[in-house]
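Thanks for coming. Please have a look at it first.

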Amino acid sequence: MALKVDIITLFPEVFFGPLGASINKRAQENDLVEINAIDLRDFTEDKHHRVDEKPYGGGPGMVMMVEPLFKAVEFLRTPESKVLYMTPQGKPFKQAEAQSLSEEKHLIFICGHYEGVDERVIEGLVDMEYSIGDFVLSNGNLAAMVICDAVIRLLPGALGCHESVVSESFSDGLLEYPQYTRPDNFRGMEVPKVLLSGNHQKIENWRNEESLKRTKLKRPDLLVKEQK
């Protein structure tokens, strides 16, 4: 059964490009995933299709209203659904989360905008809050795209070679080893001789050593987490 992804947003048109190309496109064509961008304004009843209001207590900006979001989620949700909200206050999104979500049957993304959503949406609807980094974006659309891409490529059959998933960065807690292809020598920069040796055990040992070396140099925090 294909993974179903419903994305509730004020800007459904922005998803057609990034999620309609490359691996994501092939995954949809091969019925591995179904992606729908849902316009939140379709769930409003006033003639102006209003989805935001000034915050109680004052302050800058606007807050996304509770009623349209409840209507949208309740229209889409089934007993198998997981509702995700993209927010800076969410759990940092890691590869382990991508793997876990790829095993679900139905994901509903809520893409916030303005100053965020009415807190009752989080309390009453959301199963998981995720952040893709310690920075602020204009809305939750880009974060939803990032998570969708990370999840879809893990679906069985989405990639041409399953080993690509197994050997990628973060799959084993380390960064991926360096990669090379032809030519063997480019402007004096040579491919490591071990990769040309044909000795698979030596190549595997070299790759493991390089993964550890690269992680120590560029992301030592990953090693600290592994030791805890």
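Predicted model: local features only at pLDDT ≥ 70, side-chain atom pairs only at ≥ 80, totals over all residues.

The protein has 228 residues, and 40% of them count as buried. Its secondary structure comes to 8 helices and 9 strands. The C-alpha trace spans about 70 × 40 × 35 Å along its principal axes. As for contacts between residues at least 6 apart in sequence, 75% of them join residues at least 24 apart.

Now helix α1, which covers residues 22-29. Which of its residues are buried? They are Ile23, Asn24 and Ala27. These residues lie on the same side of α1, because they cover an arc of only 100° around the axis. Among the elements covering them are β2, residues 33-39, and α5, residues 141-152. Just after α1 comes aspartate 31, with a positive phi of about 60°.

Next, strand β5, residues 81-92. What does β5 pair with? One partner is β6, residues 106-110, which runs parallel to β5 and is joined to it by 5 bridges. In this pairing, leucine 84 stands opposite phenylalanine 109 of β6. To get from β5 to β6, the chain passes through helix α3, residues 95-102, and this β-α-β crossover is right-handed. Strand β7, residues 128-131, is also parallel to β5, again with 5 bridges. There, lysine 91 has tyrosine 130 in β7 as its bridge partner.

That's my part; I'll take questions.

How values were computed:
Residues numbered from 1 in each chain as written. Heavy atoms only, no water. Buried < 20%, exposed > 50% of the residue type's maximum accessible area, 1.4 Å probe, protein only. Helix = DSSP H or I, 4+ residues; strand = E, 2+ residues; numbered from the N terminus. Arc of directions from axis to C-beta. Contact = heavy atoms within 4.5 Å. Pairing = 2+ DSSP bridges. Right-handed = clockwise from strand over helix to strand, strands pointing away.
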